[in-house]
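Trainee: I have a structure to go through. Can we take it in short questions and answers?

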Amino acid sequence: MSAMIKVENLTHIYSKDTPFEKAAIKDVNLEIEEGEFVGVIGHTGSGKSTLIQHLNGLLKPDSGKIYIDGQDIWENKKNIRQVRFNVGLVFQYPEYQLFEETVAKDIAFGPTNMGLSQDEINERVEQAIEFVGLSRDLLQKSPFELSGGQKRRVAIAGVIAMRPKVLILDEPTAGLDPKGRDRILSQIKDYHKRTGSTILLVSHSMEDIAKFANKALVMNESKLFAYDTVENIFKQSDSISKMGLSVPQITKVFDKLSEKGYFTNENIYTVKYATDLLLKHLKKEEQ
Amino acid sequence: MLRDITLGQYFIGNSVIHRIDPRMKILLTIAFITMLFIVKNFIGFAVAIVFVFAVIFLSKIPLKLVVKGVKPIVPLIIFTSLLNMFFISGKTLFEIGFLKITVEGLNLAIFMSVRIILLIMGTSMLTYTTSPIALTDAIERLLNPLKKIKFPAHEMAMMMTIALRFIPTLIEETDKIMSAQKARGADLESGNLIQRAKALIPILIPLFVSAFMRAGELAMAMECRCYQGGQGRTRMRELHYSKLDVYSAIIMAISIVLIVLINIFVPTII
Ligand SMILES: Nc1ncnc2c1ncn2[C@@H]1O[C@H](COP(=O)(O)OP(=O)(O)OP(=O)(O)O)[C@@H](O)[C@H]1O
Ligand SMILES: [Mg+2]
């Protein structure tokens, strides 16, 4: 089976042929299988947003190819809208894109552009708002009356309503309180489980990546540094820290413990796994 | 992309042209526009062309960029040229069906095109070589005498400064909103005029909402820092005329005199 997303020798240069020329992506090669939950990490300006905007054809590669589900997305320019329905992209601070009179109409914007029937649209809107954990009473409100976190969720619902095969989120939790972050992320994880779609999540929080993703994609200075399982990525805590990124705090704790001779062959990056391990260990000591 | 638009952009530099006092540069630009409208034949244009290219050369701004700035108005140039070519009566050059191209029409078409291109190239040198802040500063100073007749020179200048400051921000924002709506399948590129106008709604509404929000925040921030208009405000950087400004004014005066002389001694075209 071919990969869901395949990127070949992708290079992108902003403001080409001007004094402000800047290569934001250099020669990236990548294959992501269907159904993966991929965490995208990298320091500020490393090219994460640029990379993901190529995957639904918002940016055109300066060189290189992108295949979604085996199909070269730029082969036929007329199909680029179809690509955008298949690869849903939620931007950073997506609440600024809301414009309709009611929440329902705003969520329906994508499905309407797809040319679906009114019944189908209504069904999708209701399902989408449920997916993001908002009550249906909000559907008839104006999006401008909602709180920041609610707006964010409406914006995400607007993309989910297109039922994309691939869902990409660019820092969906930026500027939210810890509780709001956890809720949005768990809902995304839930969506992943229920639909089996491929998910790419850009995040600056290693804890979030460790908790929710099974693969991690690391960008560094416009290049792809690594694409591997979360476990293998956080094993290389040295090179990760050199890039100005960090590993999850719990991994740091266990790195120190292993220096002292405890849990030396373990690779820990979630709190849950760490607790289990510690409890098991303590029980053994008691006996 | 939207942000690749170069017209009206400032290019940092320290060339002779950059160093001319912004007030002088504004006056020179006005003089230059006048010069272009005095010109009555192609020999006069030769002087103007030499003048413009000398300025571009001295400013060290790549010619390619200046030419790129002319691109957006090419359709306008073509349109006026066609009108001139076909609708000016005179000696027939050749005919295509019922359309006649006259010698006079062709002459006028070329003449007008050269004038428009020079106008854009010349005036854009003002914004290429002067920072927006220096520009509005200069406008305020030039309009200062009008304060006596209660003309709000400072307020005007402040409004322009803010507008200029927010153009890049708004362009960036428009870009972002456009991408976001395109990601939801908004179709901005096809359809008839009405469909296209409708397709703008999802972009304009969020843009206005955020522009109003920004305006409110900026006003609040200015008031927090006790901004009360121009009364008693001093400046960090005062403007001073220098010898350079005198030289540049003299060169401009010589060019204009030259063109007037050419107008007198060479037959006119229009
Ligand atoms: N529209 C643009 N025009 C010119 N340069 C740009 C543009 N967008 C991004 N860049 C530059 O390209 C580089 C990569 O930017 P990108 O937005 O992809 O980074 P990022 O990894 O998403 O960073 P962050 O974590 O801050 O969101 C940066 O150096 C940025 O300055
Ligand atoms: Mg980004």
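Trainee: Is B:Leu207 buried or exposed, and why?

Mentor: First, the ground rules: this is a predicted model, where local features need pLDDT of at least 70, side-chain atom pairs count only at pLDDT 80 or more, and totals for chains, interfaces and linings use all residues. Residues are numbered from 1 along each chain as its sequence is written, chains are lettered from A and ligands numbered from 1 in the order in which they are written, and side-chain values use heavy atoms, with hydrogens and water left out. Buried means under 20% relative accessible area, exposed over 50%, partly exposed in between (1.4 Å probe, protein chains only). B:Leu207 has 15% relative accessibility, so it counts as buried.

Trainee: Which residues is B:Leu207 in contact with, leaving aside neighbours within four places in sequence?

Mentor: B:Leu207 lies in helix α10 of chain B, residues 201–224. Helices (H or I, at least four residues) and strands (E, at least two) are DSSP runs, numbered from the N terminus. Contact means heavy atoms within 4.5 Å. With those neighbours set aside, the partners are B:Leu170, B:Glu173, B:Thr174 and B:Ile177.

Trainee: What area is buried between chain B and chain A?

Mentor: In contact terms, 22 residues of chain B meet 25 residues of chain A. Buried area is the accessible area (1.4 Å probe) that two parts lose on being put together, summed over both. Carbon and sulfur atoms give 65% of it, and the total is about 2,000 Å².

Trainee: Which residue of chain A forms a salt bridge with B:Arg184?

Mentor: A salt bridge is a side-chain nitrogen of Lys or Arg within 4 Å of a carboxyl oxygen of Asp or Glu. The rule finds two across the interface of chain B and chain A. In one of them, the closest N and O atoms are 3.1 Å apart, and the partner of B:Arg184 is A:Asp106.

Trainee: Now chain A. How many residues of strand β9 are buried?

Mentor: Strand β9 of chain A spans residues 215–220 and is mostly covered. A:Lys215, A:Leu217 and A:Met219 point one way, and A:Ala216, A:Val218 and A:Asn220 the other. In a regular strand the side chains alternate between the two faces of the sheet. The buried count for β9(A) is six of six.

Trainee: Which residue of β10(A) stands opposite A:Leu217?

Mentor: Two strands pair if DSSP finds at least two bridges between them. β9(A) and β10(A), residues 223–229, run antiparallel and are joined by six bridges. Opposite A:Leu217 stands A:Tyr227.
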